[in-house]
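Q: I have a protein model to look at, and I would like to learn how to read it. Could you walk me through it?

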Amino acid sequence: LPIKDIGESASLLCSFLKRELEKPNPSFKRALKECLSRIALKAKIRGLRVNCSGRLGRAPMAKLEWFKYGSIPLTKISSKIDYHHTTGKTKYGSFGVKVWLYKY
């Protein structure tokens, strides 16, 4: 089945967030929150967690930012969790994006 929405696949969501953070926009928190709020309302998911770490928003030091929606049972083996990670580059340095999706 083809995937129609980026909120249904962790790999699509991860690559979309990487492209958003690679844009020369200093306000990365606003870009992430807007994207995640749209996905959380439209997609059929129970939970979503995103970790972004590295040189975010022209920072002189690396930092870690994470956002969470719903629940993510990482200790349950039987739960359907989709995970993906990727690395992006800006002119200030590199950053990483990790995405966990908890599906129905």
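**Reading the fold step by step**

A: Happy to! Let us begin with contacts, keeping in mind that this is a predicted model. Among contacts in the protein chain between residues at least 6 apart in sequence, 56% link residues at least 24 apart.

Q: Which elements does the protein chain have, and in what order do they run from the N terminus?

A: The protein chain has two helices and four strands. Starting at the N terminus, the order is α-α-β-β-β-β.

Q: What radius of gyration does the protein chain have, and what would a compact globule have?

A: A compact globule with 104 residues would have a radius of gyration near 13 Å, and the protein chain has 14 Å, so the two agree. Along the principal axes, the C-alpha atoms fill a box of roughly 40 × 30 × 20 Å.

Q: How many of the residues count as buried?

A: A residue counts as buried when its relative accessible area is under 20%. Here, 38% of the 104 residues do. As for the surface, the protein chain exposes about 6,800 Å², with carbon and sulfur atoms supplying 54% of that area.

Q: How far apart are the mean positions of the positive and negative charges?

A: The protein chain has 22 positive and 7 negative charges, and their mean positions lie 4 Å apart.

Q: What is the phi of Arg58, and where is this residue?

A: Most residues other than glycine have a negative phi. Arg58 is not a glycine, yet its phi is positive, at about 60°. You can find Arg58 in the loop between strand S1 (45-54) and strand S2 (63-70).

Key: Residues are numbered from 1 along each chain as its sequence is written. This is a predicted model: local features need pLDDT of at least 70, side-chain atom pairs count only at pLDDT 80 or more; totals for chains, interfaces and linings use all residues. Side-chain values use heavy atoms; hydrogens and water are left out. The radius of gyration is taken over C-alpha atoms; the globule rule is 2.2 Å times the number of residues to the power 0.38. Buried means under 20% relative accessible area, exposed over 50%, partly exposed in between (1.4 Å probe, protein chains only). Contact means heavy atoms within 4.5 Å. Accessible areas come from the Shrake-Rupley method with a 1.4 Å probe; for residues, only the protein chains shown count as cover. Lys and Arg count as positive and Asp and Glu as negative; His and the chain ends are not counted. The place of a charge is taken as NZ of Lys, CZ of Arg, CG of Asp or CD of Glu.
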